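Here is a short briefing on one chain. Look over the sequence and the model, then read the points below.

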Amino acid sequence: MSRIDELFQSVKGARAALIGYTTAGFPDYHDSLAIASSLLDSCDALELGIPFSDPTMDGPIIQESSHLSLEAGTRVSDVITLAGELRDKTEKPLIIMSYYNPINSFGAAAFAREAALAGVDGVLLPDLPLEEISHWKVHGDRAGIDTMLFASSTTPPHRLERLGEMTNGFLYCLAVKGTTGLREGLSEDAFEFMRRARESCKVPLALGVGISNAEQCRLAAGVSDAVIVGSALVKEALDAFRSGGDPSRSAGRKAAEFARSLS
Amino acid sequence: MLEQEIEHKAGYFGAFGGRFVPETLIAPLAELDSAYNDAREDPAFGAKLEDYLHNYAGRPTPLYRANGLSNAIDGPAIYLKREDLCHTGSHKINNSLGQCLLARRLGKRRVIAETGAGQHGVATATAAALLKLECEVFMGETDMQRQALNVYRMQLLGAKVTPVRAGSSTLKDAVNEALRDWVASFDHTHYCMGSVVGPHPFPRIVRDFQSVIGREARRQHLDAMGRLPDCLIACVGGGSNSIGLFYPFLKDGLRMIGVEAGGRGSTNGQHGRSLGLGSVGLLHGSKSYVLQDDDGQIMETHSISAGLDYPGVGPEHAFMKEKGLVEYVSVNDEEALQATELLCRSEGILPALESAHAIAYTASVARSFPKSDSIVICLSGRGDKDVETIRSAGISR
């Protein structure tokens, strides 16, 4: 059983898990390691984003963190190293989130091998939909890395079932139609979608994108097995970074607040 | 099992193309694909588009025998396919009219577009005004400065022009921003993609709407010479005017040359030669040749022509390169500027800087053709928009 499966076993029937996200290498390698560590104090699992030059699915916050990370010289190999350093300190699931081009350029087989060796448990590849996932999945499967798929409120019923069967670990349910970033509230669409996903899929469901505050976390937890927060955490780190504060402390404090809303 | 699905699914040109987009966009792309397939089969749709192309956009455009240019470069017969004479000044209107009609058919009330040189933005703003659609155009801030006149034209036509400040603030960043808008707005918005790039079915839709260029040119050349041309030459940024010219000639097996932006030289970041110097990667939802660094990050590009200043290229071009169906070459900024002046002086035609790349390459190889040969060049747009750029580059005699 993978660390991700174990996590969902352990929280089952008790509470929703909290999955945090940060852009790896933002604002630089050293501070990124500190941010990731402090997020892991409160989160049940962590997503590390590989920065990409053209983040078409991200809003301004993650665009900015990706830009800063690339400015600091972050490479795909650094993200794997970062995951390895975190693995030395934690048994919680570590997930790499990436646009596929950097992984494709690194070489899917080599990436899967090295990431697995570093202790990465799973990947999220938002621009590889079901039709294209096999470019990666053969390599991920061989290396023992979970590949989580995405579902959207626009996903038709038969496809939703298929996604539930094909995904490993959990199904990443997109709470909004749109890019990552902060939102005023959770839409009725999202709840309706989660009802549909629950009926169609047996796997754990994680709800993410646009979940911005503790109240939204609590509401999301009511309909999911895990709540994913990214931009809201990265924003804390960004604000602290810009004002000369401590990004890891700010992001960690926000993650702790979110964790309390789920307990 | 998945491997087999990859092999057998639509939306690929050989190993290139596909649909590398978030799950949210899968349904709207499927909707677009099916609406487009219906429209293709619907004679009423075809008739309406044909009517607009003829009576509104001014098609067919002339295939003009440019003897002045032939003499000036000591070359064979040269025919210019005069897309510069289309309404709005470039071939872009062919696609914008088609896609805006498609948007109406889909029941969308708004269209969005990316633009580099501003030609696709102007064409889409025009078609949107004609067909009573809201229009928003995303344009890099750098491009807005160098194409200020086109920005004002779009606003005059009722479109909202939104500056994009991310990255290099050029065409690729405008596409990024349009995609970000579309993933949230597709319920009521059609993304009028301007070139043969993006996820399936965009490369196919845009190619089909632009193929009118080659269909006309083929017939016109047969009428004029009683035979097919020996060579076709067109510039390649994303690749829509070139594929529009080439596609109807594919079965004829004649020589076809695509001219990329050589910019200031072959140093990284100084050109737009995706096919010439790039490698296979993923950008804007499809797999094709891409200018990227050794870590898979997309590189900055440069060309004096905003329309060729793009680090990717349509997947069908990648396929044609691999199959050896088309030769891909390049011309630098300076050569394009010289060709602009050459066409002005020899023919009294001011070409867009994009199209000037095709003229420049033709000029450089003209003597290698037998005098009895005939070359068709796609003169994809007129150069009025570029006058300021050309003047500041020093051609002002």
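In chain B, 75% of the contacts between residues at least 6 apart in sequence join residues at least 24 apart. Two residues are in contact if their C-beta atoms, placed from the backbone, lie within 7 Å. This is a predicted model: local features need pLDDT of at least 70, side-chain atom pairs count only at pLDDT 80 or more, and totals for chains, interfaces and linings use all residues. Residues are numbered from 1 along each chain as its sequence is written, while chains are lettered from A and ligands numbered from 1 in the order in which they are written.

**Overall fold**
- Chain B has 17 helices and 14 strands (DSSP runs: H or I, at least four residues, for helices; E, at least two, for strands; numbered from the N terminus).
- The C-alpha atoms of chain B fill a box of roughly 55 × 50 × 45 Å along the principal axes.
- Of the 397 residues in chain B, 61% are buried (20 or more other C-beta atoms within 10 Å of a residue's own, with C-beta atoms placed from the backbone).

**Domains**
- Chain B splits into domain 1 (22–53 + 92–206) and domain 2 (60–90 + 211–393); the bounds come from an automatic or database domain assignment.
- Their C-alpha centres in chain B lie 22 Å apart.
- Domain 1 and domain 2 of chain B each give 30 residues to the contact.
- Helices supplying at least two residues each on the domain 1 side of chain B include α5 (92–105) and α9 (171–185).

Technical notes. A residue is buried if 20 or more other C-beta atoms lie within 10 Å of its own, exposed if 12 or fewer, and partly exposed in between; C-beta atoms are placed from the backbone.
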